[in-house]
Amino acid sequence: REDGELGSYVQATYPALSGSRAQSMLSEAIRDAVIVRFDEWRDFVITRSAKSAEGMKSEPDDYGLSHWGWRTEGTYFLGHLGETSVSLCMKEYGYTGGAHGNWSFFPINYMWDGDTVKEIIISDLFDGERPWMPRLDAAIRRGHITLLERRYANKDYVAEMKGDLGGVPGMHRGVPFSFSSRGIVFYFAPYFLGSFVEGDFLVFVPTADIQDMLAPDGPMGRLLK
């Protein structure tokens, strides 16, 4: 955590591993990824709050309440911490003026390949010879609809939302995720699948829905052995 002017601050919480060389290297990868993000937040929040504090001395009428209390907070959702792979997703909440803050998600997925640490992308989980993308997209769509049905009692509204979604191809692309032996969670930030008032959507795809498409020696395949 670092505190700045006008009540501003940036802070981040993340897990650490210790033990084998692989776990130590994976832990360093987590830390480095978070620190890079932390530095970016600090350069914006702390630096700009300092400039605002200085500006208030000479032009106080140009600065209102929206210049106070700027902050960014990084917390995390844990997929798993294992011997040869780790998976988590950072939730990055920020307020930098205006009517309300907002948040987004940042994935941190790494595996140990026996010599170095490698970042995991979604395709690493699946068998490239199998048609996994349409199966995964359909599973994400089902999970999203389930969340809509739980969130809204107005079934007409849910039906309208389903219609607005269109098709499912590519629904997984570019979406932060974490994984475990239980399945994959996809993190859709506000505005991604609806308005801000609808919030985020954390869509869970159970392993059972995609298990036959997983790469046996991939990060999830190893967890299931």
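A residue is called buried under 20% relative accessible area, exposed over 50% and partly exposed in between, with a 1.4 Å probe and protein chains only. By that rule Leu6 counts as buried, because its relative accessibility is 11%.

This is a predicted model: local features need pLDDT of at least 70, side-chain atom pairs count only at pLDDT 80 or more, and totals for chains, interfaces and linings use all residues. Residues are numbered from 1 along each chain as its sequence is written, and side-chain values use heavy atoms, with hydrogens and water left out.

**Overall architecture**

The chain has five helices and nine strands. Both are DSSP runs numbered from the N terminus: helices are H or I with at least four residues, strands are E with at least two. From the N terminus on, the order is β-β-α-β-β-β-β-α-α-β-β-β-α-α. Along the principal axes, the C-alpha atoms fill a box of roughly 65 × 55 × 25 Å.

Of the 225 residues in the chain, 44% are buried. A contact means heavy atoms within 4.5 Å. Among contacts with a separation of 6 or more, 62% join residues 24 or more positions apart.

The chain exposes about 11,700 Å², and carbon and sulfur atoms supply 51% of that area. Accessible areas come from the Shrake-Rupley method with a 1.4 Å probe; for residues, only the protein chains shown count as cover.

**Two buried sites**

Pro15 is found in the loop between S2 and helix H1 (21-58). Pro15 counts as buried because its relative accessible area is 8%. Leaving aside neighbours within four places in sequence, Pro15 is in contact with Ile30, Tyr76, Leu81 and Leu88. Phe44 is 29 residues from Pro15 in sequence; C-alpha to C-alpha, the two are 24 Å apart.

Glu92 lies in strand S4 (residues 85-95). Glu92 counts as buried because its relative accessible area is 6%. Its side chain joins that of Arg37 through a polar contact of 2.6 Å. A polar contact is a pair of N or O atoms within 3.5 Å; within protein, one must be able to donate a hydrogen and the other to accept it, and residues adjacent in sequence count only if both atoms are side-chain atoms. Beyond neighbours within four places in sequence, Glu92 has contacts including Trp41, Glu73, Asn102 and Trp103.
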